[in-house]
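Take a walk through one protein chain, a few residues at a time. Keep the sequence and the 3D view side by side as you read.

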Amino acid sequence: CEQARGRCEPWHINDADLESMLQDIPVQNKNDLIDYAEENRNSFLENALLFSETSGTTGKPLQTPRGMIELNWNTRNQMYAYSRILKKKQDRVAIIHPGMLSPFIEATTFALMKLEVGYVKIFPIEGVCDYRRIYEVLVRYEITAIMTTPSLALKVLYEIKKLNDCPALKLNKLLLTGEVVSEACEANFRKILNAECNVVAFIYGGSETASLMYGVGKGQYLPFLEDFIFEIVDGEVTIVAHDEYKVKGELHVTWLKGGLLPIKRYNTNDMFEVTVKKHHPFKFKPLGRIKTLKEGLPSPFRLEELIYSVADPIFNYAVNCASV
């Protein structure tokens with residue numbers, strides 16, 4: 001299937017046998033991968049080209065080493081995502097990301113090098129690289145694109161706005177990843193930069209799973225079906241038209257290509273809505289973390305729609321939820 005390159009008609013796929021095969025495979029969670037990493041430590045040490053880990057902000061860090069096999073296909077996927085937006089000798093990218101121990105950032109730099117697109121990696125570090133220095137780098141190298149998270153992009157742009165007598169930036173592309181990106185969020189960034197700025201949800205993925213999907217605007221993504229199996233578990237189906245329906249549920253993924261950390265029916269803990277329309281590629285829309293949604297908290301999309309509906313650009317907000 002070549003839907004990942006935009007040439008697949010999903011209604012022609014017979015998935016009965018695939019579904020039966022998947023049911024025989026236990027669902028994985030993060031603890032399963034932590035156990036696997038501990039059991040296969042020697043293999044990781046011998047075969048990994050890149051040693052990486054998850055952040056550990058939600059528990060024990062998970063080792064996510066990358067060998068040549070997974071580095072190659074993950075780099076290729078990122079090359080495809082970048083090539084849809086950037087042009088060599090015209091665009092220059094600022095990667096604003098902490099980057100430490102991140103397999104995503106390493107693959108992203110490999111992808112940009114192979115595409116011959118210039119890049120710089122910067123991050124605010126007190127006493128080393130302040131926001132004025134970041135601004136000066138963006139100006140000096142005529143950076144046209146920033147790849148970062150929405151919250152960090154807002155922080156950087158806010159701090160730059162506070163600087164005095166600053167020439168305008170040449171930014172015309174903002175590639176957002178790592179967080180849910182709503183249409184209201186995209187519109188807010190265009191208020192801050194300019195109406196013509198291309199603001200996109202760039203890639204969805206994780207340290208465990210690699211890059212799973214690439215953004216196509218309006219907070220939606222197309223999946224890399226050549227490299228992964230995607231399952232929507234316990235899905236709720238909504239009929240939209242005679243040739244279109246939506247499925248909402250938990251996303252589980254399986255690697256189709258090899259790698260040091262086998263991903264088999266891995267529970268991403270994210271809720272997705274998938275639009276299925278005849279003769280069109282599947283479109284995936286992340287709705288947020290399953291735990292957050294199950295706790296009955298307001299939808300992040302609805303919140304941002306309300307917050308960003310004001311005429312002025314918003315650089316920061318805080319939401320406090322109290323029981324009534």
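Start with Thr 209, which lies in the loop between β5 (198–206) and β6 (210–217). Helices (H or I, at least four residues) and strands (E, at least two) are DSSP runs, numbered from the N terminus. The model is predicted, so local features need pLDDT of at least 70 and side-chain atom pairs count only at pLDDT 80 or more, while totals for chains, interfaces and linings use all residues. Residues are numbered from 1 along each chain as its sequence is written, and side-chain values use heavy atoms, with hydrogens and water left out.

Is Thr 209 buried or exposed? Thr 209 has a relative accessible area of 4%, so it is buried. Buried means under 20% relative accessible area, exposed means over 50%, and partly exposed is in between (1.4 Å probe, protein chains only). Now look at what surrounds this threonine. Leaving aside neighbours within four places in sequence, Thr 209 is in contact with Trp 73, Phe 228, Val 253, Trp 255 and Tyr 266. Contact means heavy atoms within 4.5 Å.

Compare another threonine. Thr 268 sits in strand β10 (residues 266–277). Thr 268 is buried, with a relative accessible area of 9%. Its side chain reaches the backbone oxygen of Leu 251 at 2.8 Å. Not counting residues up to four places away in sequence, Thr 268 touches Tyr 204, Leu 251, Val 253 and Arg 289. Val 253 is on the contact list of Thr 209 and on that of Thr 268.

Trp 73 is one of the buried residues of α4, along with Glu 70, Leu 71, Asn 74, Thr 75, Asn 77, Gln 78, Ala 81 and Tyr 82. How far should the 16 residues of helix α4 (residues 68–83) span? At 1.5 Å a residue, they should span 22 Å, and the end C-alpha atoms are 22 Å apart, which agrees. The expected span is 1.5 Å times one less than the number of residues.

Met 147 has 0% relative accessibility, so it counts as buried. Its contacts, leaving aside neighbours within four places in sequence, include Tyr 82, Val 93, Ile 95, Phe 104, Leu 175 and Phe 202. Met 147 and Phe 202 are 55 residues apart in sequence, yet 8.2 Å apart in space, C-alpha to C-alpha.

Next come two helices. Two packed helices are described by the angle between their axes and the distance between the axes. Helix α6 (residues 131–140) packs against helix α7 (residues 150–162) at an angle of about 95°, with the axes 9 Å apart. That makes α6 roughly perpendicular to α7, a label for angles of 65 to 115 degrees (under 35 is roughly parallel, over 145 roughly antiparallel, the rest oblique). Which residues meet? From α6 come Tyr 131, Ile 134, Tyr 135 and Leu 138; from α7 come Lys 155, Val 156, Glu 159 and Ile 160. By class, this contact has six nonpolar, no polar and two charged residues.

Finish with some backbone angles. Most residues other than glycine have a negative phi. Glu 142, in the loop between α6 and β3 (145–148), has a positive phi near 45°. Glu 142 is partly exposed, with a relative accessible area of 36%. His 279 also has a positive phi, near 65°. Its place is the loop between β10 and β11 (283–289). His 279 is partly exposed, at 45% relative accessible area.

One last stop is Glu 196, in the loop between α8 (183–192) and β5. Glu 196 is exposed, with a relative accessible area of 66%. Its C-alpha atom is separated by 30 Å from that of Asn 74, 122 residues apart along the chain.

Terms used
Axes are lines fitted to C-alpha atoms, for helices over the stretch in contact, and angles run from 0 to 180 degrees between N-to-C directions. Ala, Val, Leu, Ile, Met, Phe, Trp, Tyr, Cys and Pro count as nonpolar, Asp, Glu, Lys and Arg as charged, and the others, Gly among them, as polar. A polar contact is a pair of N or O atoms within 3.5 Å; within protein, one must be able to donate a hydrogen and the other to accept it, and residues adjacent in sequence count only if both atoms are side-chain atoms.
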